[in-house]
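The entries below are kept in the order I made them.

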Amino acid sequence: MHNADRHEEVISGRRKAWAWGLSGNLPYLLLQSPYRFEGVIDGQSSGRNALSTVAGLPVYGPDKLKDLNPADTLIVVFADLKLHGSAIFDQARRYGPFDLVAPHIPALHDVPAALQARTQRLGEMLIEKRHDTRYTAVPKRVALWLHGLVKGGAERQMVLLACGLRELGWDVDLICTAKDSSQTTLWADELRDAGVNRIYLPDMRESWDWLESESGVPEQVPTLAPYFTTRGLHDILQTVDILLERRPELVISFLDDGNIAAGVASVFAGVPNILMSGRNAEPHHFTDLQYFPVAKSQLKSCYQALLSLDGVALVNNSQAGAESYSQWLGLPYDAIEAIPNAVQAPTGQMASSIREQYGIAAGVPLVLGVMRLADEKQPLRFVEMITRLKTKLPELQAILLGDGPLYEDVRQAIDSSALQSSLIMAGAQESSLPYLAEADLLLSTSRMEGMPNVILEAQLMACPVVATNVGGVSEALMSAMKVGLVSKDDWMTMEKVALNLLLLKSGAKDIAKKARAAIIVSRSVQELARRYIDAGLGRKKFN
């Protein structure tokens with residue numbers, strides 16, 4: 001019998017459901033369930049009598065199972081099945097042949113037709129909420145929304161956008177669902193020094209009392225519960241609460257998961273202006289991306305529902321990315337504005353000499369790679385290109401910055417080549433700028449890009465660039481530096497162009513200095529902020 005059939009037996013009344021585990025998401029799962037529960041089993045407790053209540057349900061120890069008939073009982077495991085599933089199964093089976101299943105979350109587990117019908121109803125709800133004009137915004141207050149400050153291109157641009165908005169006199173809140181990564185301390189310092197107000201959503205367990213309170217936001221829980229994943233529901237509801245307290249006139253979100261969560265929350269709160277910013281290509285290009293507030297199959301419909309509303313817009317950081325989303329969403333070619341990434345010059349002196357740190361003498365050619373070690377960046381091609389270049393320049397050294405799912409593959413490729421002493425895997429670093437300042441060349445082998453920050457930063461540091469012409473790379477390069485642009489998968493030409501620039505030395509640096517002068521003028525954080533404000537406030541407003 002499939003899990004769906006077991007859940008159907010509860011819905012039809014042939015079985016009764018019991019929850020197992022006091023997990024942090026328990027109240028949300030109860031709200032999302034298509035049927036009611038008799039009680040909760042806490043595997044860490046003992047006894048057959050009710051110990052307490054949670055979300056209105058009595059909590060028992062596992063001995064309560066002695067009172068239940070396995071034939072008409074379904075145990076729904078709320079605890080983490082990956083971590084505790086085997087132990088819970090063994091513990092429950094001591095009391096009889098009970099059936100144990102994972103929770104049924106309608107937003108993920110319903111059949112496609114039901115998912116589509118639910119998404120359509122969500123669109124109707126968003127239209128209804130959009131005509132509620134009781135919200136009073138605080139002028140020149142903006143809320144930025146991001147899942148967390150981790151080492152990534154979108155996260156770096158969010159930091160620069162926040163700083164640029166502060167320089168333009170805006171009151172800036174940055175809402176995150178998770179605490180900062182240890183690799184982004186410098187970025188957090190920039191936000192603090194700029195006067196950005198940091199707001200972190202509470203975790204699910206901290207929200208138990210809030211969910212059972214009688215304030216206005218929890219009243220929306222039953223309305224929204226069936227439409228989203230458990231995590232998505234939590235993020236949306238908590239964001240609504242924050243927006244109603246802070247009352248920004250504009251919300252700006254990044255990336256697909258953030259766009260749906262922040263977009264829906266902003267509509268339910270009543271924020272008049274909502275601006276979403278997409279990835280370097282529409283989400284189905286990224287098979288490893290699985291967390292979204294709705295089923296991945298429903299992302300398109302959710303975006304379309306939000307974009308049908310007055311005061312809601314979508315932008316991208318490159319024309320290639322904008323075209324990808326426009327085609328996916330069935331929008332006119334020019335419906336999504338491309339706002340190029342910004343770059344910011346470092347303040348003060350570089351902390352240390354990278355060449356000295358790694359024992360690379362002055363004058364030795366140094367090639368740098370900065371990338372997430374993932375398929376779309378093609379890090380193994382970077383290793384191949386270093387091998388090719390080293391046959392022409394035996395003294396050449398290389399450093400590869402970054403981490404990711406292909407880390408071990410890259411490590412093995414280096415170990416099995418003649419590059420063990422020539423190509424250094426330096427891991428993820430807080431800043432690539434000290435490396436770019438001393439490198440003779442940045443080499444980018446990506447097959448897919450938005451507008452890569454590292455190419456902007458390379459030009460800022462007057463480091464020559466050779467890169468595949470994909471996504472927004474051409475848009476990121478100043479005209480003087482387009483000499484380093486090569487066609488995708490044309491590795492022979494990439495080798496030739498890279499070798500020429502390395503041999504040019506001072507001539508290549510002169511080209512890079514021209515690019516630096518141009519990028520300082522055209523890609524400032526204030527210009528980035530102005531473009532986002534114009535896009536966010538320049539759309540037709542609802543009445």
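These notes cover a predicted model, taking the cavity, then a pocket, then a sheet.

**Cavity.** I noted a volume of about 60 Å³ for the largest cavity. I listed its lining as Ala107, Leu115, Arg118, Thr119, Pro226, Tyr227, Val294, Ala295, Gln298 and Cys302. Sorting the lining by class, I got seven nonpolar, two polar and one charged residues. Helix α5 (residues 112-130) contributes the most to this lining, with three residues.

**Pocket.** I then turned to the second largest pocket, which has a volume of about 670 Å³. I found 26 residues lining this pocket, with Asn25, Ile105, Leu108, His109 and Thr230 nearest its centre. By class, its lining holds 14 nonpolar, eight polar and four charged residues. Helices α1 (3-11), α3 (81-93), α4 (106-109) and α10 (230-246) each give at least two residues to the lining.

**Sheet.** I traced an open sheet of six strands in the order β3-β4-β2-β1-β5-β6, and its pairing is mixed. I marked β3 (52-54) and β6 (99-101) as the edge strands, each pairing on one side only. On average, neighbouring strands here are turned by 35° against each other, ignoring direction.

Valine 40 sits opposite valine 59 of β4.

Helix α1 lies across β1 (16-20), β5 (73-77) and β6, and runs at about 105° to β6.

Technical notes. Residues numbered from 1 in each chain as written. Predicted model: local features only at pLDDT ≥ 70, side-chain atom pairs only at ≥ 80, totals over all residues. Heavy atoms only, no water. 1 Å grid on protein atoms, 1.4 Å probe; cavity = no way out; pocket = protein on both sides within 12 Å on 5 of 7 lines; lining within 4 Å. Points joined across faces, edges and corners; volume = space filled by probe spheres on them. Helix = DSSP H or I, 4+ residues; strand = E, 2+ residues; numbered from the N terminus. Nonpolar A, V, L, I, M, F, W, Y, C, P; charged D, E, K, R; others polar. Pairing = 2+ DSSP bridges. Axes fitted to C-alpha atoms, helices over the stretch in contact; angles between N-to-C directions. Contact = heavy atoms within 4.5 Å.
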